[in-house]
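Hi,

Here is the structure I promised to send over. Have a look, and then read on for my notes.

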Amino acid sequence: MLKHLVILAAIGVASCSHPEPASLTTHGAGNHDMQAHRYVITVAQDETGAVPSERIEAVVQALQSHNAESVEALEGLPTIIVTARPDAIRAAEETGFVLVVQADGLSAPQ
């Protein structure tokens with residue numbers, strides 16, 4: 001339970017400024033796009049307002065099939081914490097079950 005609260009707090013801090021994940025921007029070619037970064041993925045609800053486990057499993061499978069370094073689906077939440085390259089994130093989005101992808105990190109002070 002405490003683990004989930006800590007992660008939710010981190011998600012709240014990371015979402016304060018809604019930065020676009022640096023690796024998903026289109027800055028020219030190079031090694032930058034090949035680096036793995038940490039992301040928080042929120043899986044979309046179905047028409048009943050629930051998040052079926054099949055949706056979470058499909059997103060996890062897409063990430064794993066594109067060699068994500070680590071994938072952790074949070075029990076009881078529609079949230080997946082992943083360290084992966086942008087191609088794995090794009091594969092997860094292509095499942096049609098991803099609601100939001102956020103870079104996991106702190107925003108610069110304002």
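In what follows, a residue is buried if its relative accessible area is under 20%, exposed if over 50%, and partly exposed in between (1.4 Å probe, protein chains only). Helices (H or I, at least four residues) and strands (E, at least two) are DSSP runs, numbered from the N terminus. This is a predicted model, where local features need pLDDT of at least 70, side-chain atom pairs count only at pLDDT 80 or more, and totals for chains, interfaces and linings use all residues. Residues are numbered from 1 along each chain as its sequence is written, and side-chain values use heavy atoms, with hydrogens and water left out.

On confidence: pLDDT (the predictor's confidence in each residue, from 0 to 100) averages 80 for the protein, and 70% of the residues score at least 70. Residues 1-10 stay under 50.

Now to helix 2, residues 53-65. Its buried residues are Arg55, Ile56, Val59, Val60, Ala62 and Leu63. The buried residues pack against strands 1, 2, 3 and 4 and helix 3, where contact means heavy atoms within 4.5 Å.

Arg55 is buried yet has no salt bridge (a side-chain nitrogen of Lys or Arg within 4 Å of a carboxyl oxygen of Asp or Glu). The nearest side chain of opposite charge, Glu47, is 4.8 Å away; Lys and Arg count as positive, Asp and Glu as negative, with His and the chain ends not counted.

Best wishes

Methods:
Expected span 1.5 Å × (residues − 1).
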